[in-house]
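Subject: Structure handover

Hello,

Here is the structure you are taking over. Please open it alongside this note, which goes through what was found.

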Amino acid sequence: MKNQEPPKLPLKLFRFYCSEERLEELEGDLYEVFQEILSEKGARNASIFYWWLVIKSFRSFALKRTNMNKKGRLFSISSLLHNIKIAWRNIIRRKSTTAINVIGLAVGIGGFVAIYSLVAYEFSFNKHIPDSDRVYRIYSEFGGAFTGTNPAVATPVPDYLEENASIIESLARIYTNPAK
């Protein structure tokens, strides 16, 4: 069992992110620890522990340097973890404030989705018709005892428009049956 090779996948991952100047030293240390665990606890435990060591060795000093890293970091894992810890502590300590914020966020997102759905629905009409910007719908408004808007017009109106309006190219009539 001695001198068995560590698993290939975590080794590839380690070689991918580790800098060249640290690779040999750190890989040797990982290999030695793998061999110790292998002789003490067996191949399965040694493989699991090797994965853990590779993930645990993901530190800023071991990372490959890129142009972004040399100029200035936009992202730091340690600062991200620090911010997550602080956020979690605030969530636990201030439960009522967190609940109010989460409910407000949910209402805001729900309102956005509702408004977006309505606007998308309204803009979806007549897109398949050529020259859809020249299509109009006539409706009637009335006042008095029954003030309101009717989505239709009286039956003689289309006949009148067809005969007397010179700007109308074509006319479509829609008949609906009233609910009985």
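A residue counts as buried when its relative accessible area is under 20% and as exposed when that area is over 50%. Please keep in mind throughout that the model is predicted.

E27 is part of helix α2. Leaving aside residues up to four places away in sequence, E27 touches L11, F14 and R15. Two of these names, L11 and F14, come up again in the next part, on helix α1.

Helix α1

Helix α1 takes in residues 8-17, and its buried residues are P10, L11, F14 and Y17. These four lie on the same side of α1, because the arc they cover around the axis is only 140°. In general, an α-helix has 3.6 residues a turn, so residues three or four places apart point the same way. K8, L9, K12 and F16 are on the other side of α1, where they are exposed. As for what covers the buried residues of α1, the cover includes α2 (20-41) and α3 (43-56).

The chain as a whole

The chain contains seven helices and two strands. Read from the N terminus, the order of its elements is α-α-α-α-α-α-β-β-α. The chain has 180 residues, of which 14% count as buried. Among contacts in the chain with a separation of 6 or more, 48% are between residues 24 or more positions apart. The accessible surface of the chain is about 15500 Å², and carbon and sulfur atoms account for 61% of that surface.

The largest pocket

The largest pocket holds about 1300 Å³ of space. It is lined by 28 residues, and those closest to its centre are Y136, R137, I138, L171 and A172. By type, the lining consists of 18 nonpolar, four polar and six charged residues. Helix α7 (residues 156-164) gives the largest share of this lining, with four residues.

If you want a place to start, select E27 in α2 and then display L11, F14 and R15, which E27 touches.

Regards

Notes: Residues numbered from 1 in each chain as written. Predicted model: local features only at pLDDT ≥ 70, side-chain atom pairs only at ≥ 80, totals over all residues. Heavy atoms only, no water. Buried < 20%, exposed > 50% of the residue type's maximum accessible area, 1.4 Å probe, protein only. Arc of directions from axis to C-beta. Contact = heavy atoms within 4.5 Å. 1 Å grid on protein atoms, 1.4 Å probe; cavity = no way out; pocket = protein on both sides within 12 Å on 5 of 7 lines; lining within 4 Å. Points joined across faces, edges and corners; volume = space filled by probe spheres on them. Nonpolar A, V, L, I, M, F, W, Y, C, P; charged D, E, K, R; others polar. Areas by Shrake-Rupley, 256 points an atom, 1.4 Å probe, with all protein chains shown as cover.
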